[in-house]
Amino acid sequence: MKRISCMAIALVAALLLVPATNAAVPIYDFESGAQGWFSFGTPTTDSGNELGGSAGTLLGRYHTGDFDLGGWGMGDASPTGVDLSSYTGLSIDMYYDVPPDLQGAQVPFNGTWETELMIAIGYAEWSTSFPLTNSYDTYSVDFVDLTPNYYANIAPYFGGLPNLNDPGLKIQLITRSSIGTGTGRLHYDQISGIVPEPASLALLGLGAFALIQRRR
Ligand SMILES: [Ca+2]
């Protein structure tokens, strides 16, 4: 047993040298054109598919927002009933811009663009906010790092995460008018579920094994 324990610890030590990253499994890539759901609120007055998704793809989605109208804009980035139970987090590719068709008659967006990525059931939301740039970047969050809102802090959730296969669960994007003025556009693509990499899983398993062996 002692030899096995030593071997396990040696393996753990070796695996510690391997960078522990997560793998992203695409859930929605918006390539079919059929993957479009719902948006409302003044900073998301329009939406649809567009050419020019993130790297390696053709189609993405966009929402155009007039921030001078006030309030907030929300886009459902998934249908209701999305099953996230096999993932530990989410990633999404996003950017914002003021494309030529928004310049001229309209006032271009001026401010620091932030979009909130959230999972939501009704009014209960678990979210995080990302400041965006003018080109596609991938933004990731672990579910445990999401911040619950008022409705997620009362019954039945009390600040905990919901069941990640709840039939009412959906992925949403929210942009608020408090981030700036004028008119701009949010683009997004490639919503993925985060899963621990095999090396990370092996590391966890071997770590537990080594602990059990040490206790014997
Ligand atoms: Ca795409």
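Predicted model: local features only at pLDDT ≥ 70, side-chain atom pairs only at ≥ 80, totals over all residues.
**Gln190**

I started at Gln190, which sits in strand S14; helices (H or I, at least four residues) and strands (E, at least two) are DSSP runs, numbered from the N terminus. Its phi is positive, about 50°, although Gln190 is not a glycine. I looked up its surroundings too: Gln190 counts as buried because it has 23 C-beta neighbours inside 10 Å. For the record, buried means 20 or more other C-beta atoms within 10 Å of a residue's own, exposed means 12 or fewer, and partly exposed is in between, with C-beta atoms placed from the backbone.

Residues are numbered from 1 along each chain as its sequence is written.

Phe30 lies in the loop between S1 and S2. Phe30 is buried, as 22 other C-beta atoms lie within 10 Å.

I also went through the peptide bonds and noted a cis one joining Ala155 and Pro156, with omega about 5°. Pro156 belongs to the loop between S11 and S12. I logged these because most residues other than glycine have a negative phi, and most peptide bonds are trans.

**Whole chain**

I get two helices and 14 strands for the chain. Of its 216 residues, 32% are buried. Then contacts, meaning C-beta atoms, placed from the backbone, within 7 Å of each other: among those with a separation of 6 or more, 77% are between residues 24 or more positions apart.

**The open sheet**

I traced six strands in an open sheet, in the order S2-S5-S12-S8-S9-S11, with antiparallel pairing. Two strands pair if DSSP finds at least two bridges between them.

- S2 is joined to strand S5 (residues 72–76) by three bridges, and the two run antiparallel. Ser39 has Gly75 of S5 as its bridge partner.
- S5 and S12 are antiparallel over five bridges. I noted Trp72 opposite Arg176 in S12.
- S12 and S8 share five bridges, also antiparallel. Here Glu116 is partnered with Ile174 of S12.
- S8 and S9 are antiparallel over eight bridges. Leu117 is opposite Thr128 in S9.

Between S8 and S9 I found a hairpin with two residues separating the strands, and Gly122 in the turn has a positive phi of about 60°. I checked the cover on S12 as well: five of its seven residues are buried, and the strand is mostly covered.

**Asp76**

Next I stopped at Asp76, in strand S5. Is Asp76 buried or partly exposed? I have Asp76 down as partly exposed, because 18 other C-beta atoms lie within 10 Å. Leaving out residues up to four places away in sequence, Asp76 touches Trp37, Phe38, Ser39, Lys170 and Gln172. I also looked up Asp76 and Leu173: they are 97 residues apart in sequence, yet 6.4 Å apart in space, C-alpha to C-alpha.

**The core**

Last, the nonpolar core, which is a set of buried Ala, Val, Leu, Ile, Met, Phe, Trp, Tyr and Cys residues joined through C-beta atoms within 7 Å. I counted 34 residues in the largest one, and Leu90, Ile119 and Ile191 have the most contacts inside it. Two or more residues each come from strand S1 (22–28), strand S6 (89–97), strand S8 (114–121), strand S9 (124–131), strand S12 (170–176) and strand S14 (183–196). S6 gives the largest share of this core, five residues.

I followed up Leu90: not counting residues up to four places away in sequence, Leu90 touches Leu117, Val141, Ile171, Ile191, Ser192, Gly193 and Ile194.

Technical notes
Contact = placed C-beta atoms within 7 Å.
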